[in-house]
Amino acid sequence: MLVKMKKIFAIAILFFCVIDAEAQRLDKIVERLDRIEKNRKFDKSLLTLDLTGKKFALIKNVNKVVYKNILDFSNDNKVTLIELTDDKLTDAKTSKIYTGDALKKEFYVSVRADKLEGKNIDLPYTFNFVLQKRDGNLCLVNISNNEIWLDTDSGKNNFLNN
C-alpha cells in the first residue's frame, strides 16, 4: 500500500509540475492569440468598399532579385496585374502585364487574370484574397500563402518608387 501511495504522490507532483510549466507559458500564448485576433478582425466598413481605382502592391526580394506585383482594379470588375522583375546580379529587368476580372463578395476578393498582354493564356493566374485593414492600412491578404498586398494610395506606403 505504501508503494502505491508513493506512485500516486509522484504522479501528482509530476502533474502539478506540468501544469505550472504550462501556466508560465500561458501569458505568451494569450499574447499571441491577441495579436492573431487583431490581425484577423474584419472591419465592417470594408463590406461596402468599392475597389474601383484601387492599386495594391506586393514586393518580394529573393536572392538579389526584386519582384514587384501591382494589382490595379478598374471599372466593371476588370483588373490589371503588372509583374516587374529586377535581377540585381545581371541587371536584367522584365515586365509582364496580365488582364482579367475580379469578384468581391463581402470581405473576399477573387482575381482571375486570363490574358497576357492581350493574348489568352491556357492557365490563368488566380488569387483569392481577404480584404483587411491592418494598422490603418488597407490590404489584401492572399489566402493560399498569407502574402500581404498593401494599398499604394496609403500615405505610409510610398515603396513603388524604389
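## Exercises on a predicted barrel model

F127 is buried, and F129 is buried too. The model is predicted. Its mean pLDDT is 77, and 70% of the residues reach 70 or more.

**Exercise 1. Classify the ring pair of F127 and F129, then the pair of F129 and W149.**

Step 1. A pair of aromatic rings is described by the distance of the centres and the angle of the planes.

Step 2. Take F127 and F129. Their ring centres are 5.7 Å apart, and their planes meet at 15 degrees. Planes under 30 degrees apart count as stacked. The pair is therefore stacked.

Step 3. Take F129 and W149. Here the centres are 5.6 Å apart, with 75 degrees between the planes. Over 60 degrees counts as edge-to-face. That is the class of this pair: edge-to-face.

Step 4. F129 belongs to strand β6 and W149 to strand β8, so the pair ties together parts 20 residues apart in sequence.

Step 5. Widen the view. The whole structure holds six aromatic pairs. Ring pairs join Y98, Y125, F127, F129 and W149 into a cluster.

**Exercise 2. Decide from the relative accessible area whether F129, W149 and E117 are buried or exposed.**

Step 1. Apply the cut-offs: buried is under 20%, exposed is over 50%.

Step 2. F129 has a relative accessible area of 0%, so F129 is buried.

Step 3. W149 has 1%, so W149 is buried.

Step 4. E117 has 54%, so E117 is exposed.

**Exercise 3. Trace the strand order of the barrel and check the pairing of β1.**

Step 1. Follow the sheet. Eight strands form a closed barrel in the order β1-β2-β3-β4-β5-β6-β7-β8, with antiparallel pairing. Neighbouring strands are turned by 30 degrees against each other on average, direction ignored.

Step 2. Look at one side of β1. Eight bridges join β1 to β2, and the two run antiparallel. K60 has Y67 of β2 as its bridge partner.

Step 3. Look at the pairing of β1 with β8 (residues 148-151). These strands are antiparallel over two bridges. F56 has D151 of β8 as its bridge partner.

Step 4. β5 and β6 are antiparallel, joined by eight bridges. V109 is bridged to F129 in β6.

**Exercise 4. Which residues have the most contacts inside the largest nonpolar core?**

Step 1. Count the core: 18 residues.

Step 2. β1, β2, β3, β4, β5, β6 and β7 each give two or more residues.

Step 3. Zoom in on L71. Beyond its neighbours within four places in sequence, L71 is in contact with residues including F56, V79, L81, V111, F129, L140 and W149.

**Exercise 5. Locate the positive phi values of N63, N77 and E117.**

Step 1. Recall the rule. Most residues other than glycine have a negative phi.

Step 2. N63 sits in the hairpin of β1 and β2, which has two residues between the strands; its phi is positive, near 50 degrees.

Step 3. N77 has a phi near 60 degrees. N77 is in the loop between β2 and β3.

Step 4. E117 has a positive phi of about 50 degrees. E117 is in the loop between β5 and β6.

**Exercise 6. Which elements have the lowest and the highest mean pLDDT?**

Step 1. The lowest is helix α1 (residues 2-40), at 65.

Step 2. The highest is strand β3 (residues 78-87), at 89.

Methods
Residues are numbered from 1 along each chain as its sequence is written. This is a predicted model: local features need pLDDT of at least 70, side-chain atom pairs count only at pLDDT 80 or more; totals for chains, interfaces and linings use all residues. Side-chain values use heavy atoms; hydrogens and water are left out. pLDDT is the predictor's confidence in each residue, from 0 to 100. Helices (H or I, at least four residues) and strands (E, at least two) are DSSP runs, numbered from the N terminus. A nonpolar core is a set of buried Ala, Val, Leu, Ile, Met, Phe, Trp, Tyr and Cys residues joined through side-chain atoms within 4.5 Å. Buried means under 20% relative accessible area, exposed over 50%, partly exposed in between (1.4 Å probe, protein chains only). Contact means heavy atoms within 4.5 Å. Two strands pair if DSSP finds at least two bridges between them. Rings of Phe, Tyr and Trp (its six-membered ring) pair if their centres lie within 6.5 Å; planes under 30 degrees apart count as stacked, over 60 as edge-to-face and the rest as tilted. Axes are lines fitted to C-alpha atoms, for helices over the stretch in contact, and angles run from 0 to 180 degrees between N-to-C directions.
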